[in-house]
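Q: Could we go through this structure together? I would like to begin with a loop and then turn to helix packing and the pocket.

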Amino acid sequence: MFATSEMSRLTVAAPLEKMEEILRICTDLSCVHIEEYGRFEDGIGVGKSMDSEDANSVSALLVKVQAVSSAVNAANTEGALSRAEVAKMLPSFEEKITAALEYLDSLREAEADISTSQEQHQALNRLAPLDIPLELMGGFEGVEVFVGETSRASKATDVFSDIDSDIEMHAAGGLIAIACRSSQSAEVQIGMAELGAKAVQIPAGEGSPAEKANALRDEINRLETKIVSVQEALDAWVVRNGRKLVAVEEYLVRESAIHTAPTLVAVSNQAFALDGWVPADKAEMVSSILSKAASHVSVEAYVGGHHHHEEHDEHANDDPEELIMLSDYLHKTSQSIFQFFQAIDLDDSGLIDCYEFQNALRNADIANLPPWEVGKLVAAVDLDGDGKINLPELDITLTRIRNAPSAGEEQLEVEPPIQYTNGSTSEPFELMVDLVGRPKYGTFDPTMFLMMTFPFIYGMILGDWGYGIVLLALAGWLGSKAFAVDPMAQKGLTILRWMGVWCIIWGIIFAEGFGFVWDNTGQMGANSPFTGFYEWTYANLHVPEVIAELLNLSGLHMPFHRASAGHGLQEYVILSIYLGALHIFVGFVLGLVNVYKAHGAAAAFFEKGSWILILVGGFMQCRNMVSGYNELFEFQIWTLFLIVGIVSLIIGLAIFEKFGWVGGLIMGPIETFGLLANTLSYLRIMAVGVAGVKIAEVSITMGFEPMADAFASGGAGGYLTALLCFVLFLGIQVFAIALGILSPTIHAARLHFVEWMGKFYDGSGRAFAPLGGRNLHVESAHVESKS
């Protein structure tokens, strides 16, 4: 719940001809994350994508399917299809995809034609007032025609009075058309500029501009009708084939992943080696299934930067030193495994016995072993148990040894990918965690805490049960849309529902709904339908006296009016500060645990424990001053906490954070003020909340109350005024709701991502990405075989 899935390192080696089978098994398991091979050396490199008729057809069909999928809103609400069903439908489904692409092409062509026709229609409409045939506006030798649009067309006669006998001019509807000899074109252009005329492009063609514009309008109408018809046909296609579309796309993506996966593994002439990760709880199952096809399978649990051997098959013993030396010898002498095998196969049998292997090790100055020791080495390489070594067996063993990281490389080895382990309740909030990166392996996963605190703080800011109902209604409406079946969309809508629920809860506590105050102190007074309820809560629901005095919350009742001085505003401020201090405290405690797990108790104390002491000491020192118990700089037990914390922080910065003593002495006190700023940042809860209340009050004082007065006065004028006031009230309410959705979300997110997660979170983790993706719409072959 608070940690990510434990991972185990998976290593698989097998002959090349087994590669596709093993990759397909990994894809069907949907829990094998493959690490890309990057240690290039002689004889070993990465594989090439499979080049076969099946691979090419899958790639071509996938392009078409994704083109359709990106253009339509297809969904699968009926559950996953079996792999066999999808494979069976592929040949006939390609024809359906072609039909859908034809619909899309028709839509694009019609839209392009409409865009072109609208441009032409606009140009012809501008020329229509002149009523001059298009063929007369150009194409004459020695004559130029200028057409311009101007608001000063009435002054054209005066401007061109000096040359009016040498030109032909026509003006209408704010347009001027002038025909002149080429020698007078400069004078005409000067005159047009004087009129401020904007040049009008003359389209090619013949006939009346008005008639051609009407014809184009008819063509546009025809194309728009065609678009409606084709879109209806495409929508019907989606209804019939939407489920199949998403299933086929998932199936093809998985097949494509298999065909391109060889580029991720280490490959030699005869064998390949795969390096990856599997969740620890599935390691035994993965090892068992892969061992049936692969020559070598090993699984090692990852523990804090190195692996502990967890489980392996009979071939996964630690590699003998002589085999490691043999691998190094081939690398230094630039020999391929094939060349070495040919050289030591003295009888050309294609098999190496103990005598031949003993001679090879002695000649290479690796070891001069007695026959019984050589027999152990042969057994370590002999995968089929026939007592001899063939070329694929030697290739697999040496490829696996070369693919394994050396002791010097282990520190640079990448950490395992991150897979969440949250339950269905908190899982949607993984979406928020991913916004700042997945947690580093072995550290705290804050998803559960985000589920509890983010909607809580959001609701505390917005705090209006009416707006909360709007949020729930919005989530319900969005959930009815086709895109809502997407897992990402479902997570977002679940978060929105949580936000709505907490808005309602806080709105009830504040007695606020749609900007109105619903107890007897509000706009409706004793006529409020909830007056009796809030009279009872005010008398019976309050903070216990001991806690109220301790926390300075003696004025806290239900309801309390957070925007009214003397009636809840002070308590709202105090609650914001208390919440901030507690939130940051929890963040430091989580950071303390993370550092303890990674670096030990000393580092944990000086890096995070010092901050806890500063937070507690500083907060209590200020709290006692505000409460009137002590002066701010009066020495108390909390002063000791603060001093010890600052000294510890300086030591932590100097030694553990590598700032040096000078850096620690300078940065320690400065960083302390940063913590004060982080804590006071939680006052934004109060500030944004009160601002929202005041905006809602404006809608009531400027809209609702005048509307009620105007309606009560009666008469046509009164009703018209009431209508206008209602529109104003509704407009401000819509603005308040829109702002209430956006602003509290931003501020609540900031408090979590900056003030809180900055105290413990390292978002450098990588997402666990199993080969072929997750099985959402197509059941895996492994599941089908079990059933």
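Q: Where does Ser30 lie?
A: In this predicted model, Ser30 lies in the loop between α1 (19-29) and β2 (33-34). Helices (H or I, at least four residues) and strands (E, at least two) are DSSP runs, numbered from the N terminus.

Q: What is the phi of Ser30?
A: Ser30 has a positive phi, about 55°, although it is not a glycine.

Q: How far can I rely on such details, and how are residues numbered?
A: The model is predicted, with local features needing pLDDT of at least 70 and side-chain atom pairs counting only at pLDDT 80 or more, while totals for chains, interfaces and linings use all residues. Residues are numbered from 1 along each chain as its sequence is written, and side-chain values use heavy atoms, leaving out hydrogens and water.

Q: Which peptide bond is cis?
A: The bond from Met558 to Pro559 is cis, with omega near 5°. Pro559 belongs to the loop between α18 (545-551) and α19 (569-599).

Q: Turning to packing, at what angle do α14 and α24 pack?
A: Helix α14 (residues 447-462) and helix α24 (residues 715-756) pack at about 135°, with their axes 9 Å apart. That makes α14 oblique to α24. Axes are lines fitted to C-alpha atoms, for helices over the stretch in contact, and angles run from 0 to 180 degrees between N-to-C directions. Angles under 35 degrees count as roughly parallel, over 145 as roughly antiparallel, 65 to 115 as roughly perpendicular and the rest as oblique.

Q: Which residues make that contact?
A: Among them are Phe449, Phe454 and Tyr458 of α14 and Pro744, His752 and Trp756 of α24; contact means heavy atoms within 4.5 Å. By class, the contact of α14 with α24 has 13 nonpolar, five polar and no charged residues. Ala, Val, Leu, Ile, Met, Phe, Trp, Tyr, Cys and Pro count as nonpolar, Asp, Glu, Lys and Arg as charged, and the others, Gly among them, as polar.

Q: And how do α14 and α19 cross?
A: Their axes come within 13 Å and cross at roughly 165°, and α14 and α19 are therefore roughly antiparallel to each other. The contact includes Phe456 and Met460 of α14 and Tyr572 and His583 of α19. Its residues divide into 10 nonpolar, three polar and no charged.

Q: Lastly, which classes of residue form the lining of the largest pocket?
A: The lining has 15 nonpolar, 10 polar and nine charged residues. A pocket is an open set of points on a 1 Å grid over the protein atoms alone, where a 1.4 Å probe fits, with protein on both sides within 12 Å along at least five of seven lines; lining residues have an atom within 4 Å of a point.
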